[in-house]
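Please examine the sequence and the structure shown below. The briefing that comes after them is arranged by topic.

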Amino acid sequence: MMRLFKVFVLVFICGQAWSQVIFYNDFEEPAIQPLFPQVAGEFVLPDEPAANQLEWVVQQLSESSTSIADINAHFSSAFNATTIQNFFNDLRSDYPDGKIIDVVGMTPMSTAVVVQGQDAQAKMGYFLVDSRYTGNEEIIYFYVSPYFGSVQYPVDQNLTMQQAINKFDTLAADVGILVAYVDHNNQCQAIYQSNANTLKATGSIFKTWVLGGLADEVDNLNITPAQNVVYDASQWVNGGSVVNNEPAGTVFSAQDLAVMMLGVSDNTATEILHDWVGRSTIDAYIDTSGVLDATVLKPILSINEQFHLFFSIDPTSATDFINDTESNQLNFINTQLEPLGAVTSYPYQNDFLMTSGSWRASAMDVCQNFARLRTYPQGSDALALVDRAMGAQTAQPEIRNNWDRVWYKGGSLVSGVDGYHVLTHAWLLEDNGHAPYVVVGMTNDANGGIDNNDGIYKVQSVLARILELSRAEF
């Protein structure tokens with residue numbers, strides 16, 4: 001796409017590193033519109049099942065009481081109505097006339113927001129509401145916890161950017177970290193980095209390439225975001241899925257599946273879209289996505305196919321597959337993995353493959369793919385689909401309200417014995433008139449143990465500091 005104006009670049013010295021602030025003045029590009037705009041200080045949420053239930057929940061904080069009949073009309077019968085009624089009474093005391101002040105996650109079946117009471121104490125709470133997609137769209141999960149205003153630990157709150165990068169390097173055996181901007185040629189330019197060009201297991205960040213395949217199909221007018229997609233029983237994935245709360249045969253829109261794939265990293269939604277879009281289409285997108293070596297991600301495995309390598313295939317055969325040619329890998333997938341269907345048993349525990357034999361890319365590859373996803377035509381259905389899906393989640397409070405556009409995807413791979421072997425996070429942060437910034441943090445450890453030795457979320461805390469500095473510095 002031709003750009004009309006490039007105004008100027010300001011370069012300045014910042015400690016031992018350098019920073020760049022790039023100002024764009026592209027009059028052909030409309031301003032970035034917030035996914036969840038505010039009108040008269042209130043967020044306008046999408047007309048979706050979980051969002052509608054969340055609005056009702058927050059409204060109860062301004063009511064004098066909530067009737068049993070009203071609770072039964074909104075909650076699954078699995079809930080005890082009297083318990084919920086008492087819970088609402090407690091919430092009114094803690095968060096009187098509460099208002100949503102931050103949207104952390106918003107998908108058709110799951111929401112996560114920060115609510116603040118409107119009294120002198122102004123307490124904040126983290127509200128999670130999940131609903132059914134069909135029927136009366138009843139609430140199936142409701143959780144509230146206090147929020148104290150930061151996910152950073154005090155030890156990280158005064159780190160400089162370079163100190164935060166250095167600390168992140170210590171959080172796992174194999175680490176990649178990148179803070180970059182996207183230039184006018186759609187290339188990621190590193191500002192701060194460590195091991196940003198070395199391959200790491202991505203965890204669910206691979207789903208951004210699945211989204212790219214879907215977006216290409218929309219851009220090529222082969223499908224529409226509103227197109228119906230039927231959930232087949234063979235696409236069920238164990239764990240990590242709100243889609244599993246719906247019966248096989250449920251009809252979803254393609255966009256809703258994409259939003260859940262990215263917004264709550266829904267594995268079953270991913271499996272459905274992987275099958276529906278098709279491996280060859282996703283692989284073709286990978287070729288154009290800016291990765292240094294597309295063969296690393298191709299042929300792109302579905303969730304169940306990858307899990308079968310972990311749990312259903314003997315270690316020797318699984319290792320041979322990883323090291324084989326692409327054509328032989330495709331043959332093995334078609335003849336050995338696909339016929340297995342959903343993973344329901346676990347005869348093997350090939351945990352060593354989580355870092356060496358799963359979806360892999362470098363932090364720079366992830367950045368380039370984020371940049372590629374921005375290139376669909378302004379005003380197109382493809383860009384709107386990508387923006388809604390990638391913008392569904394921020395992973396932490398205090399991010400969305402600081403930028404005009406926030407995209408996020410993270411991922412993890414965890415064993416029952418050793419905890420996290422893979423833990424990854426990536427954000428694209430953009431303001432109108434400025435170049436986008438991308439922050440990618442990837443931790444791998446073949447022995448596991450990432451962030452679970454002492455119950456302290458060190459990765460999240462250090463990345464929160466990096467994000468805070470990105471806002472202040474850039």
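Predicted model: local features only at pLDDT ≥ 70, side-chain atom pairs only at ≥ 80, totals over all residues.

Residues are numbered from 1 along each chain as its sequence is written, and side-chain values use heavy atoms, with hydrogens and water left out.

**Helix 7**

- Helices (H or I, at least four residues) and strands (E, at least two) are DSSP runs, numbered from the N terminus.
- Helix 7 is mostly covered, since nine of its 11 residues are buried; buried means under 20% relative accessible area, exposed over 50%, and partly exposed in between (1.4 Å probe, protein chains only).
- The buried residues of helix 7 are N267, T268, A269, T270, E271, I272, L273, H274 and V277.
- Among the elements that cover these buried residues are helix 5 (207–219), strand 12 (228–230), helix 6 (254–263), helix 8 (279–288) and helix 9 (303–311).
- At the N-terminal end, D266 caps helix 7, with a side-chain oxygen 3.1 Å from the backbone nitrogen of T268.
- After helix 7 comes G278, which has a positive phi, near 100 degrees.

- H274 lies in helix 7, which spans residues 267–277, and H274 counts as buried because its relative accessibility is 4%.
- The side chain of H274 reaches the backbone nitrogen of S302 at 3.5 Å.
- Leaving aside residues up to four places away in sequence, H274 touches V210, R279, I282, I300, L301, S302 and E305; contact means heavy atoms within 4.5 Å.
- E271 also lies in helix 7, and its side chain makes a polar contact with the side chain of S302 at 3.1 Å.
- A polar contact is a pair of N or O atoms within 3.5 Å; within protein, one must be able to donate a hydrogen and the other to accept it, and residues adjacent in sequence count only if both atoms are side-chain atoms.
- E271 is buried yet has no salt bridge, and the nearest side chain of opposite charge, R279, is 8.4 Å away. Lys and Arg count as positive and Asp and Glu as negative, whereas His and the chain ends are not counted.
- Not counting residues up to four places away in sequence, E271 touches Q235, V237, S302, I303 and N304.

**Nonpolar cores**

- A nonpolar core is a set of buried Ala, Val, Leu, Ile, Met, Phe, Trp, Tyr and Cys residues joined through side-chain atoms within 4.5 Å.
- The largest nonpolar core has 81 residues, of which W209, L257 and L309 touch the most other members.
- Another core lies apart from it and has 31 residues, among them F168, V179, L423 and V459.
- With residues up to four places away in sequence left out, L257 touches V229, V243, F252, A269, I272 and L273.

**Salt bridges**

- How many salt bridges does a search of the whole structure find? The search finds 15, a salt bridge being a side-chain nitrogen of Lys or Arg within 4 Å of a carboxyl oxygen of Asp or Glu.
- K167 and D156 meet through their side chains in a salt bridge (2.6 Å, N to O). K167 is in helix 4 (residues 161–168), and D156 is in the loop between strand 8 (139–147) and helix 4, 11 residues apart.
- K167 is partly exposed, with a relative accessible area of 25%, whereas D156 counts as buried at 2% relative accessibility.
- D387 and R405 form another salt bridge (3.1 Å, N to O). D387 lies in helix 14 (residues 381–390) and R405 in strand 15 (residues 405–415), so the pair ties together parts that are 18 residues apart in sequence.
- R374, D387, R405 and E430 are linked in a network of salt bridges.

**Disulfide**

- The structure holds one disulfide, a term for a pair of cysteine sulfur atoms within 2.5 Å.
- This disulfide joins C188 to C367, with an S to S distance of 2.2 Å. C188 is in strand 10 (residues 188–194) and C367 in helix 13 (residues 363–373), and the two are 179 residues apart.
- The torsion about the S-S bond of C188 and C367 is about -100 degrees, so the disulfide is left-handed.
- Both C188 and C367 are buried.
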